[in-house]
Amino acid sequence: MNWKDRQNPDGGWAYSRGCSWTEPTALVLLAQSVTGFEESSEPGLNYIRSAARPDGGWRPQSGVDESTWVTSLAALLPADTLGGDRYESAIGWLKGQTGRESGWSYRLRQRLAGNRDDFPEGWPWFPGAAAWVVPTSLGILAFERARRHSGDAELRTRINAGRRFLLSKICADGGWNYGTNRVLGRDGDSYPETTGIALLALHGAPASAALARARAAAARHLSRCRTAEGTAWLRMGLRAHGEKAEYDLTPVLRTNTDAALSIIAAAERNPFLT
Amino acid sequence: MTNLTRRQAVATGLAGAALTRCARPPRRFPVTDVSVVKASSYGPAVYDIIGRLLTEHRLDLRGRRVVLKPNLVEFDEHTCINTHPVVVHAAYEAFRKAGASVRIAEGPGHRRGTLDLADAAGYFSAVPRFDELFTDLNTDAVSKRDIPSPESKLTSLYLPHTVLDCDLLVSLAKMKTHHWAGATLAMKNLFGLVPGGVYGWPKNVLHWAGIPESIVDLHRLFPRQFAIVDGIVGMEGNGPIQGTPKTAGVLVAGSDVAAVDATCCRIMGIDPRRIEYLKIARGEENLGESAFRQIGEPIRSVKTDFALMDAWSGIRDSNARGSGEAPSG
């Protein structure tokens, strides 16, 4: 992959074309972390460093003055490439983020309305919103990485809560969608990309019937998935659970994120897990 | 200084709020044109119809930057979730022939792979050079815009440059029921302007800020709009994704987007005065049939009741029941 030709002058990468964003830039750098850093890596890392905000989080794009879920992706880059302080700041910012439904006022209102649900703490896409499957999965993976270098008990607590969140969002077909598994009493269908990433985030979770059904759902999705993003996350998710991840359809690589995720999914070492 | 007890303070506040509401002068809107045109299928006639609609509404398009915003939601080539690709292409050709510079743009809220979604929906095959003409609003460059006098809890939103810079935003919506909003039409379609790259998938900040109120806030941020609603085959029941196809056989269009939506509601057998975002946008008193000038087919000739989820049975237009049968072409 010629990343240099696709790189913007500011060192970052676009999703497909146009301005640089933190997500595709971080995914390209994660792909390069398994194929070997190259000429485009340092400008890319500079772009990522410049996207760090004073509150410890990361902005998704230079035009945005908010830290968002992409902070998890920054925290999944090799810590030494970010700089120790920035890495610690990212983990600190992520500790402060939970889905709005986990807050005391929402829980109290739900209790008063007779809802006894647990509302485990996941991560939102954007501060102040509810937790969803993708940012929670990436939050778990970032905290798993941090826990290898730290005895911080809070990391373990949030990882466990995040896993409970994911398990509470399983769809009736065994997989995951973005997090709405039932609406007005009707079941929602799962999607390939979200099933794959949730399965990857649950790689260390205790074996259960729910996980077995999730693996089966992932295998079903992989057999007919036509998107590069979906195929890549499904391969990573299944392999993280010791499953074969064979597929027949070769998806089109439409974006830089497609290309980066496909490289990561094909690598021996998964940078989301090591 | 007067010392109020907490109960007195609450009572005073409530009374003040009630008086403020009562004191609000009734809003008045100009009577605008809404076109209702029969279209029995997604055949070549759609191209003629949309061309005629632009002429009928006397849009000044020469040299204008126009953005067509279809409703692109979910993968499934066999269902009717998305604005039909023929409607998108016909609109593209009509606006281009009228002298506009046209882009197609969308930021789906349910799926991240926008180009995969557009391909599965048939847009690549129906629209030549689609890849060059299309902007993914989820990943476009963004700028922050304040929301003056917001109805929702939002005070500002990051929005994509492609739509902020256009001269005319065209909501190419699909006629569908919606499990959170009652009906999704041209106004609700604007949720796709909000960038997922900033707010995520779905754009959950809008839900917490209030769905009907956010619909109205977004609508007001774009004063230069035109709407074309694809009701040739719409969706009834558990929309906007899991419902069932419903043939209504119409295209509905106009520059007054709330008026277009209210007309679509009537065609669907829904009382627009019971759709919260329309009430907020115009007030119940401005949603009656006489509030708009209907061009083309009278509503009664195309009205066909869309099935509603039990939770939404209260929005049924009880005054004039439709046949429940699809109209003939």
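Which side chain of chain A meets B:Arg112 in a salt bridge? That partner is A:Glu229, with 3.2 Å from N to O. Before going further, keep in mind that this is a predicted model.

## Where the two chains meet

Let's start with the interface as a whole. The size of an interface is often given as the accessible area lost when the parts come together. Here chain A and chain B bury about 3,100 Å² between them, and 56% of that sits on carbon and sulfur atoms. On the chain A side, A:Arg17, A:Leu184 and A:Arg254 give up the most area to chain B, together 19% of what that side buries. Counted by contact, 36 residues of chain A touch 36 residues of chain B.

As for the polar side of things, there are 16 residue pairs in polar contact across the interface, taking pairs with both residues at pLDDT 80 or more. Strand S2 (186–187) and helix H10 (192–201) of chain A are the elements that give two or more residues to the side touching chain B. The salt bridges between the chains come to 5, and the pair B:Arg112 and A:Glu229 meets in a salt bridge too.

## Chain B in outline

Chain B has 329 residues, and 60% of them count as buried. Among contacts in chain B with a separation of 6 or more, 74% link residues 24 or more positions apart. The accessible surface of chain B is about 13,400 Å², with 51% belonging to carbon and sulfur atoms.

For a well-covered piece of chain B, have a look at helix H11 (residues 257–267): 11 of its 11 residues are buried. Just after H11 of chain B, B:Gly269 takes a positive phi of about 80°.

## Two buried residues in one loop

The loop between strand S2 (65–70) and helix H3 (85–97) of chain B holds B:Asn71, and B:Glu74 lies in the loop between S2 and H3 as well. B:Asn71 has a relative accessible area of 9%, so it is buried. The side chain of B:Asn71 makes a polar contact of 3.0 Å with the side chain of B:Lys176. Beyond its neighbours within four places in sequence, B:Asn71 is in contact with several residues, among them B:Ile81, B:Asn82, B:Glu106, B:Tyr123, B:Leu172 and B:Asn189.

B:Glu74 counts as buried because its relative accessibility is 5%, under the 20% cut-off. Its side chain has polar contacts in both chains: one of 2.6 Å with the side chain of A:Tyr191, and one of 2.7 Å with the side chain of B:Arg111. Setting aside neighbours within four places in sequence, the contacts of B:Glu74 also include B:Ile81, B:Asn82, B:Leu117 and B:Ile241.

## A nonpolar patch on chain A

Over on chain A, A:Trp104, A:Leu108 and A:Leu112 form a nonpolar patch on the surface, with about 420 Å² of accessible area together. A:Trp104 is found in helix H7 (residues 104–112) of chain A. An α-helix has 3.6 residues a turn, so residues three or four places apart point the same way. A:Trp104 counts as exposed because its relative accessibility is 67%, over the 50% cut-off.

Note on methods:
Residues are numbered from 1 along each chain as its sequence is written. Chains are lettered from A and ligands numbered from 1 in the order in which they are written. This is a predicted model: local features need pLDDT of at least 70, side-chain atom pairs count only at pLDDT 80 or more; totals for chains, interfaces and linings use all residues. Side-chain values use heavy atoms; hydrogens and water are left out. Patches are made of residues with over 30% relative accessible area and no salt bridge: like charges are joined within 9 Å, nonpolar side chains (Val, Leu, Ile, Met, Phe, Trp, Tyr) within 5 Å. Accessible areas come from the Shrake-Rupley method with a 1.4 Å probe; for residues, only the protein chains shown count as cover. A salt bridge is a side-chain nitrogen of Lys or Arg within 4 Å of a carboxyl oxygen of Asp or Glu. Helices (H or I, at least four residues) and strands (E, at least two) are DSSP runs, numbered from the N terminus. Buried means under 20% relative accessible area, exposed over 50%, partly exposed in between (1.4 Å probe, protein chains only). A polar contact is a pair of N or O atoms within 3.5 Å; within protein, one must be able to donate a hydrogen and the other to accept it, and residues adjacent in sequence count only if both atoms are side-chain atoms. Contact means heavy atoms within 4.5 Å. Buried area is the accessible area (1.4 Å probe) that two parts lose on being put together, summed over both.
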